[in-house]
Amino acid sequence: GGQVNLGPAVTAGLIGGEVCARLVAAGHRVTALVHRNPEVRGNDGARVPVVETVACDIRQERLGLDEGTFARLARETDLIVHCAATTRFDLTDEGYAAVNTRGTANVLALAEAGGAGLLQVSTAYVCGKRDGEIREDDPLPTAGFANGCEKSKAAAERLVRASDVEWAIARPAITLGESATGRIRQFDAIYLAFKLIAEGRIRLVPAGTNATLNFVPLDHVAGGIVALARNWEKARGGTYHLVSSDPLPMVDFAKGIGSVEGLHEPKLVDPVAFDPASLPPLERRLHGRVSALYASYFQRDPRFDDSHFRAVTGLASHPADSAYLRRLIDFCVSEGFLPTASVLAK
């Protein structure tokens, strides 16, 4: 089926690479727009046989491409799946805007030039700090975001909605390893906080009593994006949550880490009473570098409704429960990312 043009993420494309693998396996011709990393790999680590790989920079006008290449891609492309974004939490507002917002404007220009559709990969957390039920068609907030990443993604959504192209928006929650095995191709973002907590280097975690983590497996996210692309006539014009059916309570997150021999259960403390200055010097530095970046996610309880996604794709997600957390931890241990009890005992 027609050519699908896909831009894997700037971070070597965890979601983008797996989406590419699934589209190619389904018989689509995929052109991959890449940044620094020329290799497109699925989550199993295997190279994906895309039709063409084009190096570009979404921060630049025409994506940094010469006029001829830009015009050819615009002419040959039916649908752009825009996964490229920065998911770091330590950039300035300008750093986020350059990649996530103006980058989206530059990708929109490619879609507009050739009349292609745009499937924009956003985040469920464009809802900002709201708790309770979050519906897919709720109005997009203009304030109340926890960080510059959420703010820039919301600004990107506004650009897409205001454009003349046919669009759909996919909003994944916190994307982690595959549901059945916990497998993930690279450990970054929240995995780094996870590691410092599990190794006992960050022992106190400020968390809301009812806080939950919406951990969603990579296979549900990538499979969901592909399903939206393949059901484009039904999907266009809609916004879709790619989330777990039930999030993981923070209390179960802490207990789940502590239930594995050799790992340290963090102590959850009241965010209002928590004072980072009271921590020992090393832990205080780690808190500033890592925990503080994720602090808002440990204190929120959004309940993402995915009725529209299920209606269009027929796909349903699983709960982010203690069994899934255990599979994530076991994979981290098997890959040497988290220490085993035997290593710690030496």
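This is a predicted model: local features need pLDDT of at least 70, side-chain atom pairs count only at pLDDT 80 or more; totals for chains, interfaces and linings use all residues.
Trainee: How far apart are Leu108 and Val160?

Mentor: Their C-alpha atoms are separated by 7.3 Å, and the two residues lie 52 residues apart along the chain.

Trainee: Where does Leu108 sit? Buried or exposed?

Mentor: Leu108 is in helix 3, residues 93-114. Helices here are DSSP runs (H or I, at least four residues; strands are E, at least two), numbered from the N terminus. Leu108 counts as buried because its relative accessibility is 5%; the cut-offs are under 20% for buried and over 50% for exposed, with partly exposed in between (1.4 Å probe, protein chains only).

Trainee: How do helix 3 and helix 4 pack?

Mentor: Helix 4 covers residues 148-162, and the axes of the two helices are 9 Å apart at an angle of about 20 degrees. Therefore helix 3 is roughly parallel to helix 4 (under 35 degrees; over 145 is roughly antiparallel, 65 to 115 roughly perpendicular, the rest oblique).

Trainee: Which residues meet there?

Mentor: From helix 3, the list includes Asp93, Tyr96, Asn100, Thr104 and Leu108. On the helix 4 side, Gly148, Lys151, Ala155, Leu159 and Val160 are among them. The residues of this contact divide into nine nonpolar, five polar and three charged.

Trainee: OK, switching to helix 2. At what angle does helix 2 pack against helix 3?

Mentor: Helix 2, residues 67-76, packs at about 65 degrees to helix 3, and the axes are 7 Å apart.

Trainee: And which residues in helix 2 and helix 3 meet?

Mentor: Helix 2 brings Phe70, Leu73 and Ala74, and helix 3 brings Ala109, Leu110, Ala113 and Gly114. By class, this contact has six nonpolar residues, one polar and no charged ones.

Trainee: Different topic. Where is Ser296 found, and why does Ser296 count as it does for burial?

Mentor: Ser296 is in the loop between helix 9 (281-294) and strand 15 (302-304). Ser296 is buried because its relative accessible area is 17%.

How values were computed
Residues are numbered from 1 along each chain as its sequence is written. Side-chain values use heavy atoms; hydrogens and water are left out. Axes are lines fitted to C-alpha atoms, for helices over the stretch in contact, and angles run from 0 to 180 degrees between N-to-C directions. Contact means heavy atoms within 4.5 Å. Ala, Val, Leu, Ile, Met, Phe, Trp, Tyr, Cys and Pro count as nonpolar, Asp, Glu, Lys and Arg as charged, and the others, Gly among them, as polar.
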